[in-house]
Amino acid sequence: MKRILLFIATNLAVVLVLGVVLNIVFSVLGIDSRSMGGLLVFCAVFGFGGATISLFISKWMAKRSYGVQVIEQPRNEMEHWLLTTVQRQAQQAGIGMPEVGIYDSPDMNAFATGASRNNALVAVSTGLMYSMSRDEAEAVLAHEVSHVANGDMVTLTLIQGVVNTFVMFFARIVANVISGFLSNDEEEQGGGMGGIAYFITVMVLEMLFGILASIIVMWFSRQREYRADEGGARLAGREKMIAALERLRHGHESQLEGSLAAFGINGKQQSELLMSHPPLEKRIHALRTMR
């Protein structure tokens, strides 16, 4: 319930901010909001704006949604090991030291998030720390540090922004054509349902186009996972990375949700076209055949 309320409140705030930004853009540039150019600007502001704001507040959202406890001063040997391991890997990868945290969850998982390579958060679940060996946990941390070093959070945000923009734009173009035909028919019959038809059509088309667009985004996400696995193998060792993935094959399904699911070490099992992570068997095979 906490996550749901936080999600709703955040999205309402985002919509309010983007609405203000949109009005400023229209006023400053003198764009007619009813023109084709105005529609494209509207879609771009909400498409890119929503994705960008999500990126900048991703650390804040992750900490509150999952109760991540950031390690400021290590309280025990495990926390000290986590900090020193991430610090060493960050130096090897050439990035700023990420914040390191732990969140309470039985599933073996970890995630990285943040607005840039030098402003990131790496968090691991208690289930991972208590179920994996140190070598396996080291490989998982290396995988997440590689996500940060590769700039995956920013790249995925840009791709999501482009996709969001075109989904909104084409949904409204097609809906406008359809509602135009319906309005003409209703005018001949004395009705007036064109506005309602337009709204419903936009919603349906955004869902359909969104599913098609998700296939593209998830394809990129899977390629990004292979690269993070390779990065993890370089930082921690290929055999450690393979051992960590083998361990995940026998663990629980990922409990991460939303955008964080794409940056966890393990993904949910579903149709591969809509999976953010490749099947573990394919990831292990890719590592075994890696040069």
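## Exercises on a predicted model

Of the contacts in the protein (heavy atoms within 4.5 Å) that have a separation of 6 or more, 69% join residues 24 or more positions apart. This is a predicted model, in which local features need pLDDT of at least 70 and side-chain atom pairs count only at pLDDT 80 or more, while totals for chains, interfaces and linings use all residues. Residues are numbered from 1 along each chain as its sequence is written, and side-chain values use heavy atoms, with hydrogens and water left out.

**Exercise 1.** Find how many helices and strands the protein has, and write down the pattern that they follow along the sequence.

*Solution.* Begin with the DSSP runs, where helices are H or I of at least four residues and strands are E of at least two, numbered from the N terminus. The protein has 10 helices and 4 strands. Reading along the sequence then gives α-α-α-β-α-β-β-β-α-α-α-α-α-α.

**Exercise 2.** Work out which strands pair with β4, and in which sense.

*Solution.* Two strands pair if DSSP finds at least two bridges between them. Strand β2, residues 99-103, is parallel to β4 over 5 bridges, and here E99 has L121 of β4 as its bridge partner. Strand β3, residues 110-116, pairs with β4 in the antiparallel sense over 6 bridges, with G114 bridged to A120 in β4. Between β3 and β4, which form a hairpin, lie 2 residues.

**Exercise 3.** Explain why strand β4 is described as largely enclosed.

*Solution.* Take buried as under 20% relative accessible area, with a 1.4 Å probe and protein chains only. For the protein, buried residues make up 46% of the 291 residues.

Technical notes
Buried < 20%, exposed > 50% of the residue type's maximum accessible area, 1.4 Å probe, protein only.
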